[in-house]
Amino acid sequence: MLPNSFDPADAEARLYAAWENSGVFRPSGEGEPFTVVIPPPNVTGSLHMGHALNNTLQDALARFWRMRGRSVLWQPGMDHAGIATQMVVERQLADRQQKRTDFTREEFVAKVWEWKAESGGMIIGQLKRLGASCDWSRERFTMDEGLSAAVRKVFVQLYNEGLIYRDKRLVNWDPKFETAISDLEVENIEVAGHFWHFKYPLENGETYRFPIAYDEDGNPTEWETRDYISIATTRPETMLGDGAVAVHPSDKRYAPIVGKRCHIPVGKENGGKGRLIPIITDDYPDPDFGSGAVKITGAHDFNDYKVARKHSLPMFILMDEKARMLSDVDYIPEGYWALDRFAARKKVVEEIDAKGLMIRVEDKKIMQPFGDRSGVVIEPMLTDQWYVDAENLAKRAIEAVEKGETRFVPENWTKTYFQWMRNIEPWCVSRQLWWGHQIPAW
């Protein structure tokens with residue numbers, strides 16, 4: 001006798017179990033193979049609506065080609081989610097007043113595997129509840145021994161081909177997790193901040209005439225004599241690592257002092273006047289923004305890094321892995337050693353103000369980068385990391401679209417693809433985590 005109402009939970013569970021037990025999800029038949037490797041969801045979480053759409057599309061393709069006689073494999077798996085998983089386990093340790101560093105790496109990783117054994121089945125259950133026709137007999141995890149061996153093999157192969165290399169470059173550094181993270185793991189959020197305007201005194205008290213009023217044709221009508229160059233910054237603590245001050249080549253206001261030097265307004269050098277740095281020209285500064293002059297801190301700002309490399313400027317690393325000011329380095333005054341970056345910021349502002357070199361403080365909305373998982377402010381840091389030569393690898397991918405071997409639907413996404421691929425940067429593949437694949441460089 002049929003029930004009065006349809007109960008999907010009961011009916012779908014019975015249907016799915018029958019499908020799975022019959023083996024119809026496994027590759028079969030003599031047809032040409034058709035494979036889909038599932039974009040592996042993170043072991044830490046549960047599926048959301050994006051996963052539901054993504055997996056429905058894959059399932060439709062798999063079932064369509066299966067019915068047309070192809071030998072179909074939809075390969076399921078889960079990603080070990082290095083940062084997210086380590087964070088979950090560290091939170092559990094914190095509940096017991098413990099921390100990761102109370103253990104050896106091997107002991108901590110063993111605890112992560114324990115957590116994975118307890119919590120890793122949720123996503124698989126959700127995929128089955130969606131009706132996903134994956135071949136569950138082939139389920140993989142990105143930390144399985146077989147995949148770990150594949151990671152080592154590919155890494156060594158790409159290294160031998162010159163496509164993987166070690167380099168000191170600027171990365172997004174997460175001070176909470178003490179690791180480099182990718183651009184995709186950074187959230188830029190508008191926050192209330194400040195724009196500090198400071199004086200960088202010229203060497204030997206040198207002066208120049210600076211225009212302060214103009215006629216209708218843009219010609220200067222009034223000048224004032226200055227013995228400094230004005231700088232505006234949202235991160236005063238980074239001036240301890242300045243390598244230069246840059247102005248645009250077309251900015252006539254600063255032409256008399258290009259090539260000369262000025263003092264960083266903080267430091268013990270030169271009788272307390274601060275370290276001397278050159279005034280250079282570069283296309284990066286915008287003459288109409290702020291004072292038109294920008295400090296160049298190559299080791300702690302992505303734009304500055306490019307300018308510093310272009311002009312072979314020194315790059316002074318200011319902070320440790322926890323974003324505390326370094327100790328025992330001659331370019332950081334002793335009073336700043338081991339200070340948190342924001343405490344150092346406060347001290348820099350106070351010191352400059354006490355010297356009479358503060359021009360003004362402007363309240364300003366600024367875009368600030370945060371770690372999407374840690375929630376702390378990301379610090380651009382110059383560190384040694386491993387990189388993949390993405391530009392080289394992108395050439396064949398670009399060619400495939402140019403020749404029509406691969407096409408986008410709708411077509412307008414082709415332009416976006418080319419814009420991304422033709423401007424691709426080296427891909428940082430290293431993370432300073434305990435949970436994850438070890439780079440085979442030992």
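Predicted model: local features only at pLDDT ≥ 70, side-chain atom pairs only at ≥ 80, totals over all residues.
Strand 7, which spans residues 186-201, pairs with two other strands. With strand 15 (residues 358-371) strand 7 runs antiparallel, and 13 bridges join the two; within this pairing, Asn188 has Pro369 of strand 15 as its bridge partner.

Helix 8, formed by residues 302-310, has buried residues in Asp304, Tyr305, Val307 and Ala308. Because these residues cover an arc of only 165 degrees around the axis, they lie on the same side of helix 8. An α-helix has 3.6 residues a turn, so residues three or four places apart point the same way. The buried residues of helix 8 pack against strand 5 (164-174), strand 13 (276-281), strand 14 (293-296) and strand 16 (379-388), whereas Lys306 and Lys310, on the other side of the helix, are exposed.

A nonpolar patch is found on the surface, where Leu15, Trp19 and Val24 together have about 260 Å² of accessible area. Of these residues, Leu15 belongs to helix 1 (residues 8-22). Leu15 counts as partly exposed because its relative accessibility is 46%, a value that falls between the limits of under 20% for buried and over 50% for exposed residues.

Conventions:
Residues numbered from 1 in each chain as written. Heavy atoms only, no water. Pairing = 2+ DSSP bridges. Helix = DSSP H or I, 4+ residues; strand = E, 2+ residues; numbered from the N terminus. Patch = residues over 30% accessible without salt bridge, like charges linked within 9 Å, V, L, I, M, F, W, Y side chains within 5 Å. Areas by Shrake-Rupley, 256 points an atom, 1.4 Å probe, with all protein chains shown as cover. Salt bridge = Lys/Arg side-chain N within 4 Å of Asp/Glu carboxyl O. Buried < 20%, exposed > 50% of the residue type's maximum accessible area, 1.4 Å probe, protein only. Arc of directions from axis to C-beta. Contact = heavy atoms within 4.5 Å.
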